[in-house]
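Visitor: Hi! Could you walk me through this one? I'm new to reading structures.
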Amino acid sequence: MTTRAVTVAWVIRISAALLLLLAVVMMLSVLIGPADIPLVEQLRVLLGGWHAGAEALDPTERAIILSVRLPRVIFAALVGAALSTTGVLFQALLRNPLADPYVLGISGGAAVGAIIGIMTGVDGLPLGIPALAFGGALCTMALVYAIAGAGRALSSNMILLTGVIVNAFFSAVIMFLVSISSSTELHSITFWLMGDLSLATGRQLILVATAVLGGFAVVFGMARELNLIVVGDETAVQLGVEVERTKVVLFLAGSLMTGIAVSVGGVIGFVGLVIPHLMRMLFGSDHRVLLPAAFLFGAAFLVGADTIARTAISHSQLPVGRS
């Protein structure tokens with residue numbers, strides 16, 4: 001068997017195992033909650049909930065399972081997958097083990113957009129806060145790349161330094177906005193800044209799924225080029241990689257995934273920093289294996305964390321970003 005076949009087989013085995021883990025965690029998460037619904041009834045709702053002939057299903061139980069828990073679980077999986085994937089990507093591109101999805105200041109820009117939305121009352125509009133947060137993330141991304149690439153090649157160190165500076169600036173802006181907000185606004189702002197997955201809707205799920213799956217497809221399609229860039233730009237060029245173009249595409253894909261995840265789920269730390277290192281210790285540093293492993297395990301991890309956050313305290317929910 002060739003090396004290529006072994007690599008493909010290894011990727012398939014690892015992905016299948018982690019996909020099974022994700023499916024189990026998601027199923028358990030849907031079945032666990034404060035509502036006192038018998039397990040048999042929950043399984044009946046999941047297995048036949050959308051069938052017209054699914055008789056004798058309590059409407060309230062059906063709504064709790066299919067309209068509240070299931071969208072939130074899928075939402076958590078998508079956000080966790082996005083943050084873990086971009087964590088792997090930025091740690092490789094920036095050659096910095098402490099890099100995470102927020103290193104470019106994208107979280108700060110998204111947070112400013114979300115806070116402005118909360119303070120101006122657009123949370124009642126469809127995609128109001130997520131739209132403003134995503135707009136803030138896009139503006140931040142454009143600002144970082146404009147500064148880092150002004151008159152020079154796109155340098156990893158310059159991008160990292162610019163991101164840190166921009167993030168520090170937005171942190172100051174966030175503190176200012178918090179200081180002038182009302183008590184009602186302060187509660188919403190604080191909860192969003194600590195990560196909130198409770199507002200998942202069907203429209204948001206479609207948007208997030210499209211961005212996350214599309215972004216992952218782009219990143220995974222360049223896994224070989226990413227492996228070579230990690231070794232060194234000169235080596236990558238000698239082996240036929242268009243380094244500058246590849247870096248731009250990967251940075252844009254990672255930034256868009258981060259922006260969409262932050263805009264709808266708030267600021268959720270830890271996942272994008274730690275999960276890539278854990279997967280790297282288990283499966284090695286080949287990004288053809290590392291990227292799908294981080295994608296799937298990150299999804300399972302955040303689903304599990306969110307389950308604990310919403311069930312640890314009776315009749316209350318903890319922010320998933322601090323649970």
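Guide: Happy to! This is a predicted model. Let's start with Arg95, which sits in the loop between α3 and α4 (106-120).

Visitor: What is the phi of Arg95 near?
Guide: Phi of Arg95 is near 50°, a positive value in a residue other than glycine. Most residues other than glycine have a negative phi.

Visitor: And is Arg95 buried, partly exposed or exposed?
Guide: Arg95 has a relative accessible area of 40%, so it counts as partly exposed.

Visitor: New topic: how many salt bridges does the structure hold?
Guide: There are two salt bridges. In one of them, the side chains of Arg72 and Asp306 meet, at 2.8 Å from N to O. That pair links distant parts of the chain, with Arg72 in helix α3 and Asp306 in helix α13, 234 residues apart.

Visitor: Are Arg72 and Asp306 buried or exposed?
Guide: Both Arg72 and Asp306 are buried.

Visitor: Which residue pairs with Arg288?
Guide: Arg288 forms a salt bridge with Asp286, and their closest N and O atoms are 2.8 Å apart. Arg288 is partly exposed at 27% relative accessibility, and Asp286 is partly exposed at 24%.

Visitor: Okay, helices now. Which residues of α8 are buried?
Guide: They are Gln204, Leu205, Val208, Val212, Gly215, Phe216 and Val219. Seen down the axis of α8, these buried residues fall within an arc of 125°, so they line one face of the helix.

Visitor: What covers them?
Guide: The cover over the buried residues of α8 includes α3 (59-93), α5 (128-148) and α13 (287-311).

Visitor: And which exposed residues are on the face turned away?
Guide: That face of α8 carries Arg203, Ile206, Thr210 and Gly221.

Technical notes
Residues are numbered from 1 along each chain as its sequence is written. This is a predicted model: local features need pLDDT of at least 70, side-chain atom pairs count only at pLDDT 80 or more; totals for chains, interfaces and linings use all residues. Side-chain values use heavy atoms; hydrogens and water are left out. Buried means under 20% relative accessible area, exposed over 50%, partly exposed in between (1.4 Å probe, protein chains only). Helices (H or I, at least four residues) and strands (E, at least two) are DSSP runs, numbered from the N terminus. The arc is that of the directions from the helix axis to the C-beta atoms. Contact means heavy atoms within 4.5 Å. A salt bridge is a side-chain nitrogen of Lys or Arg within 4 Å of a carboxyl oxygen of Asp or Glu.
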